[in-house]
Amino acid sequence: MKVVFIVSSLAIVWCMRFHTVVKRSYDKELDTFRHYFLVLATFVIALVLNEKFTLQEILWAFSIYLEAVAILPQLVMLQRSGNVDNLTGQYVFFLGAYRAFYILNWIYRYLTEPIFTRWIACVSGIVQTCVYADFFYYYFISWKNNSKLKLPA
């Protein structure tokens, strides 16, 4: 599954960079999110909040924290544009749904394992699901009304 995830992620990046139709849809004026602040903040948090102060553990915590907020630039850009095309809306929805279902996994593991210690992943997953909450709301409203997904600007 990790190989499929990595290959599909690389395919998405390739499409965004080189596919003529997808590349044409990029609007640099809307993409003003300062992602380097996000990366720096999550790295500092990983230095402070980790399970063991080792390089591997800090890098793992950094990846978990960064994953929790990595969708923010996309959500901000979608909100600035106002309109969300069908494929992008479904892609973002299923990214968030994936993390929301992960919460069920953590609840199951907490109830069945004698010692469950992955609090960093649990808290980050909850934060990530909360980040998606606003998008989920507008996604379900548009689905219920059978209308195009529009985010408030």
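Residues 88-107 form a span that is 100% helix and 0% strand, with end C-alpha atoms 30 Å apart. Helices here are DSSP runs of H or I with at least four residues, strands are runs of E with at least two, and both are numbered from the N terminus. Residues 58-76 are 89% helix and 0% strand, and their end C-alpha atoms lie 28 Å apart.

This is a predicted model, in which local features need pLDDT of at least 70, side-chain atom pairs count only at pLDDT 80 or more, and totals for chains, interfaces and linings use all residues. Residues are numbered from 1 along each chain as its sequence is written, and side-chain values use heavy atoms, with hydrogens and water left out.

How many salt bridges does the structure hold? There are two, a salt bridge being a side-chain nitrogen of Lys or Arg within 4 Å of a carboxyl oxygen of Asp or Glu. One joins the side chains of Glu 67 and Arg 99, at 2.6 Å from N to O. This pair links distant parts of the chain, 32 residues apart: Glu 67 belongs to helix H4 (residues 55-69) and Arg 99 to helix H6 (residues 86-112). Arg 99 is buried at 7% relative accessibility, whereas Glu 67 is partly exposed at 32%. Buried means under 20% relative accessible area, exposed over 50%, and partly exposed in between, with a 1.4 Å probe and protein chains only.

Arg 109 and Glu 113 also form a salt bridge, with their closest N and O atoms 2.9 Å apart.
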